[in-house]
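Good morning, and thank you for coming.

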Amino acid sequence: MQFFGGSEISPSPPAPTASGNNAHMMYVFNRNGVCLLYREWNRPLHTLNAQQDHKLMFGLLFSLKSLTAKMDPTNAERGNLGVPQLPGQGCSFHSFRTNTYKLSFMESPSGIKIILVTHPRTGDLRESLKYIYNLYVDYVAKNPLYTPGTPIRCELFNTNLDQYVRSIA
Amino acid sequence: MGREVSESCVDSLLTEMVSSYCDRFYANKPDLAARRIEAIGFQVGLQLSERYTMERPRFSDHLEAIKFICKDFWSELFKKQIDNLKTNHRGTFVLQDNRFRWLARMSIDPSPENGDLSQDNPLAENKAAQATSMHLYFPCGIIRGALSNLGIPCAVTADISNLPAYWGYGGGGLVVPWQRRKKKG
C-alpha cells in the first residue's frame, strides 16, 4: 500500500468554466455573525445546509483570526484582540490556500467581513476585497431602502458585484 | 462659493430625513409626511436660489429662469445639467434628468417570490415606486422654492418612468429616466 507514492502533485482542479465566474462563492458577515450575503457562482459540492454552513464559516474565521494574532512572533506586546483595525494593520490573516481552492478574507473596522473563495492559482486579492467593500458602501450602506443588519437584497449591488468578480483574474 | 461639504453626509442626511418623517413623525400618514418634506425643500430652495443668483441680473422672462434652473442650479446641486427640456408654451415645462444623483443608489429587493425578474412585474414595481416617490418630494420642494423666489409661483411634480431595475452592464451606471412637470399656477 503506498500512501505517499505515485504522483506527488494532486490532480489540479478543473479550470474555471467559460460560462461561470472565476470565483466559487462569497460570504459577507457583519459584526454579530449575521450572514448578510451569500453568493454562489460555482460550487459543485454542498455538504451542509445553509445555516450550518454560515455558522461554520463564521466560527472558522473567528478562531483563525484569534489564532494568528496570538501566534505572532514579531509583536512583543499583547494587542487587544477584537479591537477594530484597518485592513492591513495589526496582525490578521488574509488568505489560506489548499489544493483545490483559495479563501481570501478582509475585515473592515466596522466589523464587516468579506470572504471570497476562488481557484487556488489566484493571486493576492486584498485590493479586490477592498474594491468589493467599496461596492458595499456605495450600493448597500448608502441605499435608503436598506436596513443595516438585515440580509442584503439590493439589485444594484448584486449586478455590480457579479460584473466585478467576473473580471478578477 | 468656497465651502464644501461631504456628499456622503448630505446623502445620509436626506435618507434619514425621509425615513424619520415617514416612519416616525407621521407614520401611517404618508400625505402629511410628504407635505412636510416638500415644505422643507421649499425653504431650502428659497435660500439656495438666493445664493446662486447673487451676481446675476434679474431674469427677463420665465424661460430664462427655467433655463437657469436647468443649467446652473442643477449643476450646483447635482453636478450635471438637465438632459432634456420640453415645454408646451402654455406654462408647462418638462425637465428630464436621465440619471438623478439622489436616486442613483436606490435599488429594490430582487427576491424570487416577486416573480420572474426578466418580465415586468407590476407588484414589485409598485412597491419600488412608492418607496422612491417619498424621496422625490424634497427635490420637488427645492425647485418650487427656487422658482417662487425668482417670481414664478408654480406646482412641481415628479415622475419616474423607469424604475432602478436596470440590467445594463455598460459602465456599471444606473439610469433613472425621470421627468418633472411644472405647471404655472
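Predicted model: local features only at pLDDT ≥ 70, side-chain atom pairs only at ≥ 80, totals over all residues.

In what sequence do the elements of chain B run from the N terminus on? They run α-α-α-β-β-α-α-β-β, where helices (H or I, at least four residues) and strands (E, at least two) are DSSP runs, numbered from the N terminus.

Residues are numbered from 1 along each chain as its sequence is written, chains are lettered from A and ligands numbered from 1 in the order in which they are written, and side-chain values use heavy atoms, with hydrogens and water left out.

Let me stay with chain B for a moment. Of its 185 residues, 41% are buried, that is, under 20% relative accessible area, with exposed meaning over 50% and partly exposed in between (1.4 Å probe, protein chains only). The accessible surface of chain B is about 10800 Å², and carbon and sulfur atoms account for 50% of that; the areas come from the Shrake-Rupley method with a 1.4 Å probe, and for residues only the protein chains shown count as cover.

I turn now to chain A. Here an open sheet of 5 strands, paired antiparallel, has the order 2-1-5-4-3; two strands pair if DSSP finds at least two bridges between them. At the edges are strand 2 (35-40) and strand 3 (95-97) of chain A, each pairing on one side only. Strand 1 (residues 23-29) of chain A is joined to strand 2 of chain A by 5 bridges, the two running antiparallel. Within strand 2 of chain A, Tyr38(A) stands opposite Tyr27(A).

Finally, the cysteines. How many disulfides does the structure hold over all chains? The number is 0, a disulfide being a pair of cysteine sulfur atoms within 2.5 Å. Cys35(A) is in no disulfide, and the nearest cysteine sulfur, that of Cys154(A), is 14 Å away. Cys35(A) counts as buried because its relative accessibility is 17%. In chain B, the closest cysteine sulfur to that of Cys140(B) belongs to Cys154(B), and at 10 Å it is too far for a bond. Cys140(B) is also buried, with a relative accessible area of 5%.
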